[in-house]
Amino acid sequence: MKRVVALVAGAVTLVVGVAPVAVTAEVRQVAAERVKWGACPAAEKKTVTAAAMECGTVRVPLDYREPWGQAIRLSINRIKAKVPRDGNHLGTLLVNPGGPGASGRTLAQYVSAALPADLRDRYDVVGFDPRGVGASRPAMRCVDPESYFRAPRPDAVPRSTAEENVLLGRAADYANRCGNFWSWLLPHMTTENVARDLDAIRAALGEQQISYLGYSYGTYIGAVYATLFPSRVKRLVMDSSVDPDGVWYDNNLAQDRAFQRRHSAFLDWTARHNSVYRLGRTARQTGFAWNAMRARLRDQPAGGMVGASELDDTFTVGGYSDRVWPELAAAWSAYVRKGDVKPLVAVYGKHGKNDAADENGYAVYLAVQCRDAAWPRDWARWRTDMTRMHRQAPFLTWPNTWFNAPCKFWPVSGGTPVKVRGSWRLPPILMIQSRDDAATPYAGAQSMRQHFPTARMVVDTGGNHGVALGGNQCVDRHLAAYLTDGTVPADGTTCEALPAPRPAAHMVSGGTAGHERLTEVLSR
């Protein structure tokens, strides 16, 4: 711990304010170099079944205040429409899965395959890796993922000051390492710059306007883009919206409460299927069984690998999609009822284990969130807020805290977020939102809705995060109508959620489909 503190104390703190940047002719000229399309890596093309895919890069300024200065490169891909440009072509649909830190190139493939054929044939679907992500250059990496994420990690719920200090040391060390590697890049890792990159991609594609589909954090990118470049928006779909007024510390507290409600729904579902899982007949009983399992894994990790923190990481995915509930409950039941650790280890390997791509995503997540807005620098504030929140929402409060805690030590100060605002100059906007979404709570989506007078919201009555093209035909009909001609339904239109998943006594192996597949794509 002393060594970590010394490292942080010795690090250079960069305090750089990024003022709003006027989009000058120079910026437009730099961004106007057209994309040179070429073949994609073979590993990527294997996943494309709907159409041929091509790949390219777009050069953008590191700092939009200096458009002729240092440049970085963004990796993009495109699945072209079959309809020619002089036919009934609908233009370019840019997509983003969220994060911050997620790659949009996989989502482009997913969206192209999932769209109705008449839309797939008429849109060029384009995905991009935002600055710092994936195949874009540079791609951020701060630590050796095998070492930093080696399981079992310390329990995220500290029982003593000593345990808390260990976790604080890990957060400080991560922030310090990112600062040492990327001091030149970190001041420019903001959502505002990502939105400006989006417009640079538009220009490089030769489009006067773009259509955009963003999920989760991708909705915030879309909202900032619509604020800065309203005349460039043709269609805008925001699915599972971030609260633009809570960026970012307050949004994470709201997440803690929402994930607790979703975890309670999972416990209730498990109790309703007690004949299969035998973990309790009521949510109170399954909750007791959950806490007992977590306490045991803290002291005796399953397979020497799945401790309390790994359990938290694995079961958090159940807050994003109820399609994985049978798989999670089956692994839990096998461990408790039979003492069989293999299913729990397997489900951790599938949903909880972190690799190099995850570490890249985590580095970018922190780089953007810590830079976008101010975070408390006084740990007493964090401890007070999290101790209080843990009493209300014990499932995620402390794990979420440590996920974001490097922002307390971040070597670049938080800035001032773009003041998101829509106008009547914007075309109709389609918002899609689950009522019980945990990652982006419904109240936050309502806040986003208030900022855009032309927006109309379709509400899914369930709780899955990311709805469009995830299997809800009612939602997808509204999406298709909007992407076709801009038609939006009445505000507050409701679509019934997908039926609750059916229980399974054993883990299901093989491929994924529907909402579970969408969840995988959004998390990568």
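I count a contact when heavy atoms lie within 4.5 Å.

**Entry: ground rules.** I am working on a predicted model, where local features need pLDDT of at least 70, side-chain atom pairs count only at pLDDT 80 or more, and totals for chains, interfaces and linings use all residues. Residues are numbered from 1 along each chain as its sequence is written, and side-chain values use heavy atoms, with hydrogens and water left out.

**Entry: E207.** I started with E207 and its neighbours. Leaving out residues up to four places away in sequence, E207 touches R85, G91, T92 and R202. I placed E207 in the loop between α8 (191-204) and β5 (210-215). Helices (H or I, at least four residues) and strands (E, at least two) are DSSP runs, numbered from the N terminus. Is E207 buried or exposed? Its relative accessibility is 9%, so E207 counts as buried. My cut-offs are under 20% relative accessible area for buried, over 50% for exposed, and partly exposed in between (1.4 Å probe, protein chains only). I also found a polar contact of 2.6 Å between the side chains of E207 and T92. A polar contact is a pair of N or O atoms within 3.5 Å; within protein, one must be able to donate a hydrogen and the other to accept it, and residues adjacent in sequence count only if both atoms are side-chain atoms.

**Entry: P453.** I looked up P453 in the loop between α20 (442-451) and β8 (455-460). P453 counts as partly exposed because its relative accessibility is 23%. Neighbours within four places aside, P453 is in contact with G422, S423 and W424. I also checked P453 against G349, 104 residues apart along the chain: their C-alpha atoms are separated by 44 Å.

**Entry: helix α16.** I tested the length of α16 (residues 356-372). The expected span of a helix is 1.5 Å times one less than its number of residues. The 17 residues of α16 should therefore span 24 Å, and the end C-alpha atoms are 24 Å apart, which agrees. How many residues of α16 are buried? I found 15 of 17, so the helix is mostly covered. At the start of α16, a side-chain oxygen of D355 comes to within 3.1 Å of the backbone nitrogen of A357.

**Entry: salt bridges.** I used this rule: a side-chain nitrogen of Lys or Arg within 4 Å of a carboxyl oxygen of Asp or Glu. The structure holds 26 such bridges.

R65 and D63 form one of them, at 2.9 Å, N to O. R65 counts as partly exposed at 41% relative accessibility, whereas D63 counts as buried at 9%.

R294 and D155 form another, at 2.7 Å, N to O. This pair links distant parts of the chain: R294 is in helix α12 (residues 283-299), D155 in the loop between α6 (145-148) and α7 (161-182), 139 residues apart. R294 is buried, with a relative accessible area of 14%. D155 also counts as buried, at 11%.

E516 bridges to K350, with the closest N and O atoms 3.3 Å apart. E516 is in helix α22 (residues 514-523) and K350 in helix α15 (residues 342-351), 166 residues apart. E516 counts as buried at 12% relative accessibility, while K350 is partly exposed at 37%.

Which residues do shared partners join into one network? I listed D155, E163, R294, R298 and D312.

**Entry: R298.** R298 is found in helix α12. Its side chain makes a polar contact of 2.6 Å with the side chain of D155. A second one, also 2.6 Å, goes to the side chain of E163. Not counting residues up to four places away in sequence, R298 touches D155, V157, R159, E163 and A308.

**Entry: aromatic rings.** Rings of Phe, Tyr and Trp (its six-membered ring) pair if their centres lie within 6.5 Å; planes under 30 degrees apart count as stacked, over 60 as edge-to-face and the rest as tilted. By this rule I get 26 aromatic pairs. Y249 and W375 form an edge-to-face pair, 6.0 Å centre to centre with 90 degrees between the planes. Y249 lies in helix α10 (residues 249-272) and W375 in the loop between α16 and α17 (379-392), so the pair ties together parts 126 residues apart in sequence. Y249 is buried at 6% relative accessible area, and W375 counts as buried at 8%. I also noted one aromatic cluster formed by F266, W269, Y277, W290, F315, W325, W332 and F395.
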